[in-house]
Amino acid sequence: MGQLRVTLCAGVAAVAATLTPTAYAAEPAGGVSVTPSTPAPGDEVALQVTGCSRKEATAASTAFVSDAHLVGSGGSLAGETRVRTTSGPGSYDVTITCADLEVKGTLRVVAATARPSTPASPVAPVRAGGGGAAQLAADESRVQSPGLAHTVTGLLLAGAAAVAVVLRRTRRRRGTD
């Protein structure tokens, strides 16, 4: 009876090991996430899908200006696209295609809100690089003309340069005579 029990347990274990991957493969994999969840026409949306074994996928919808190219790793892919400005309020199908997976989702577009009539514009200098020079160029209170100290220093340097030129000429003349 001991051998029968061992044989039966081994058979159950073999069947369980064979059927387990099939059971997982039959489950629906992947999910779609759209941010913001209810965009308006012209808004940019971020898409994310899970469950894809590849490193890239494509998301398509009639609401999108163009198909979104999703990239990532570890089963999670992300990408961005823009909702058409001509899209009306309503639900739109989104299909994400990966090599081994096709995930369908829904995008709900809401009516466009009133946009400001005057676009925003900067009211101060924009710090866009340039190192320390950007702040100095923007700060007009630091603009000053050279003072007495600068003038004296310049005259001393010019005098030293003149003396060096005269000494060099005299040394040359002595060497050629």
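The model described here is predicted. Leu 148 is found in helix α3, which covers residues 148-176. Together with Val 152 and Leu 156, Leu 148 forms a nonpolar patch on the surface.

The overall layout was examined next. The protein chain has three helices and seven strands. Read from the N terminus, the order of elements is α-β-β-β-β-β-β-β-α-α. The chain contains 177 residues, and 18% of them count as buried. Its accessible surface comes to about 13,300 Å². Carbon and sulfur atoms hold 59% of that surface.

In soluble globular proteins, nonpolar side chains tend to be buried together. In this model, the largest nonpolar core has 21 residues. Leu 47, Leu 70, Ile 96 and Leu 107 are the residues with the most contacts inside this core. Five strands each supply at least two core residues: β2 (44-50), β3 (56-60), β4 (68-73), β6 (90-98) and β7 (101-109).

Residues up to four places away in sequence are not counted here. Among the residues that Ile 96 touches are Val 32, Val 49 and Leu 70. Ala 57, Thr 58 and Ala 59 are also touched by Ile 96. Leu 101, Glu 102 and Val 103 complete the list for Ile 96.

The structure holds two salt bridges. One joins the side chains of Arg 82 and Glu 44, with an N to O distance of 3.2 Å. Arg 82 lies in strand β5 (residues 76-82) and Glu 44 in strand β2, so this pair ties together parts that are 38 residues apart in sequence. Arg 82 has 39% relative accessibility and counts as partly exposed. Glu 44 is also partly exposed, at 39% relative accessibility.

The other salt bridge links the side chains of Lys 104 and Glu 102, at 3.7 Å from N to O. Lys 104 is exposed, and its relative accessible area is 59%. Glu 102 is also one of the residues touched by Ile 96.

Methods. Residues numbered from 1 in each chain as written. Predicted model: local features only at pLDDT ≥ 70, side-chain atom pairs only at ≥ 80, totals over all residues. Heavy atoms only, no water. Core = buried A, V, L, I, M, F, W, Y, C linked by side-chain atoms within 4.5 Å. Buried < 20%, exposed > 50% of the residue type's maximum accessible area, 1.4 Å probe, protein only. Helix = DSSP H or I, 4+ residues; strand = E, 2+ residues; numbered from the N terminus. Contact = heavy atoms within 4.5 Å. Areas by Shrake-Rupley, 256 points an atom, 1.4 Å probe, with all protein chains shown as cover. Salt bridge = Lys/Arg side-chain N within 4 Å of Asp/Glu carboxyl O. Patch = residues over 30% accessible without salt bridge, like charges linked within 9 Å, V, L, I, M, F, W, Y side chains within 5 Å.
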